[in-house]
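Dear colleague,

I am passing on the structure below, together with notes on what came out of the analysis. Please read the notes with the model open beside them.

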Amino acid sequence: PCFRFSCFFYTMDLSTMDAGQLTMLGAGACMMLTMHFTVQLLYQHLFYWKNPKEQKAIVVIILMAPIYAIDSYVGLLDIQGSKAFFMLLESIKECYEALVIAKFMALMYSYLNISISRNIVPDEIKGREIHHSFPVTLFQPRKVHLNHGTLKLLKQWTWQFVLVRPVCSILMIALQALGMYPSWLSWTFTIFLNISVTLALYSLVLFYHVFAKELEPHKPMAKFLCIKGIVFFCFWQKLVLDILGELGILKSHYFWLDVEHFQEAIQNVLVCAEMVVFSVLQRYAYHWAPYSGDVEQKLNKKNE
């Protein structure tokens with residue numbers, strides 16, 4: 001598909017295209033590149049399918065970039081859509097983001113042979129101190145010891161966002177469709193969701209700090225940055241664009257769109273471009289090499 005798209009791009013006369021067409025072409029190219037890099041990584045994991053528990057989580061995580069890219073490109077295709085339509089597209093991305101955060105925590109638990117459902121916690125990690133920071137200390141002791149209960153709590157902090165995000169999305173879309181969605185309510189939902197995702201990400205960071213030494217061989221920071229980077233850029237750049245639009249700093253005459261839609265267009269274009277970068281980074285962070293061992297050795301012997 002990427003080869004056909006590149007041939008199509010080569011045969012086009014760019015000088016005859018306006019700003020909107022050039023933007024759509026560039027965003028489409030970014031989407032295709034994101035899919036290309038992700039499909040390559042996905043194929044390698046499926047070929048070296050050695051640890052289903054871990055690799056199922058990895059598959060869910062690496063699909064985050066193309067889903068974001070496709071979702072944003074759809075938003076550009078129907079740029080004159082209603083606010084409820086754009087809210088639906090945004091909700092799809094963020095609901096999947098919530099699932100990815102939960103799957104990432106499950107992957108970290110798997111690396112350490114922890115199973116909350118089967119009450120499996122290795123003896124060598126029991127009793128470790130976990131130090132909470134403000135504002136979590138408002139509802140948790142500053143220092144707790146690691147056990148099944150604290151690990152279960154960390155897991156619940158990640159999964160609460162999986163439940164909160166779709167519920168809020170349904171309410172937001174319904175209120176928008178009914179014309180009962182004033183700006184103060186929009187900011188209320190934004191603040192609430194920000195608190196929810198922050199708590200989920202806080203649990204991941206806390207878990208990493210406690211088990212940094214054991215997790216080091218698995219490159220957890222690179223894996224986490226692929227997720228955190230997507231969340232950070234998509235959430236905060238949208239917030240910044242909304243603020244700049246409200247302040248009148250971003251003007252619609254800079255673009256080919258009207259005032260109502262140009263902020264959504266900028267956000268979607270940025271996401272399409274950024275997902276190419278993250279799809280490349282994921283090839284390093286979630287590489288298939290740890291699962292290729294026996295198969296790769298057999299293939300090398302066969303070639304010899």
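UniProt positions are given here in the numbering used for this chain, feature names are shortened, and annotations may be inferred rather than shown by experiment. With that in mind, the unreviewed UniProt entry places the feature "transmembrane region" at residues 22–43, 55–76, 162–181 and 187–212.

This is a predicted model, in which local features need pLDDT of at least 70 and side-chain atom pairs count only at pLDDT 80 or more, while totals for chains, interfaces and linings use all residues. Residues are numbered from 1 along each chain as its sequence is written, and side-chain values use heavy atoms, with hydrogens and water left out.

Overall fold

The chain holds eleven helices and two strands, where helices (H or I, at least four residues) and strands (E, at least two) are DSSP runs numbered from the N terminus. Along the sequence the elements follow the order α-α-α-α-α-β-β-α-α-α-α-α-α.

Of the 304 residues, 44% count as buried (buried means under 20% relative accessible area, exposed over 50%, and partly exposed in between, with a 1.4 Å probe and protein chains only). The accessible surface of the chain comes to about 16400 Å², and 66% of that surface belongs to carbon and sulfur atoms; these areas come from the Shrake-Rupley method with a 1.4 Å probe, and for residues only the protein chains shown count as cover. Among contacts (heavy atoms within 4.5 Å) between residues at least 6 apart in sequence, 75% join residues at least 24 apart.

Pockets and cavity

The search ran on a 1 Å grid over the protein atoms alone: a cavity is a set of points where a 1.4 Å probe fits but cannot get out, a pocket is an open set with protein on both sides within 12 Å along at least five of seven lines, and lining residues have an atom within 4 Å of a point. Grid points are joined across faces, edges and corners, and a volume is the space filled by probe spheres set on the points.

The largest pocket contains about 1000 Å³ of space. Its lining has 33 residues, and those closest to the centre are Met87, Ser186, Lys238, Asp242 and Glu264. Two or more lining residues come from each of helix H4 (64–77), helix H5 (83–111), helix H6 (148–177), helix H7 (183–210), helix H9 (220–246) and helix H10 (262–285), and H5 gives the most, with eight. By type, the lining divides into 13 nonpolar, nine polar and eleven charged residues (Ala, Val, Leu, Ile, Met, Phe, Trp, Tyr, Cys and Pro count as nonpolar, Asp, Glu, Lys and Arg as charged, and the others, Gly among them, as polar).

The second largest pocket, with about 280 Å³ of space, is lined by 16 residues, of which Lys53, Ala106, Tyr109, Ile114 and Lys155 lie nearest its centre. Helix H3 (52–62), H5 and H6 each give two or more residues to this lining, and H5 again gives the most, here seven. The lining of this second pocket is made up of nine nonpolar, three polar and four charged residues.

One cavity of 30 Å³ or more was counted, and the largest cavity has a volume of about 40 Å³. Ile130, His132, Gln140, Val144, Thr150, Leu153, Leu154 and Leu206 line the largest cavity, which takes three of its lining residues from H6, the element that gives the most. Five of the lining residues are nonpolar, three are polar and none is charged.

Individual residues

Glutamine 267 lies in helix H10 and counts as buried, at 4% relative accessibility. Leaving aside neighbours within four places in sequence, glutamine 267 is in contact with Cys234, Gln237, Lys238 and Leu241.

Most residues other than glycine have a negative phi. Asparagine 113, in the loop between H5 and strand S1 (129–131), has a positive phi near 60 degrees and is exposed, with a relative accessible area of 57%. Lysine 219, in the loop between helix H8 (212–215) and H9, has a positive phi near 50 degrees and is partly exposed, at 29%.

With best regards
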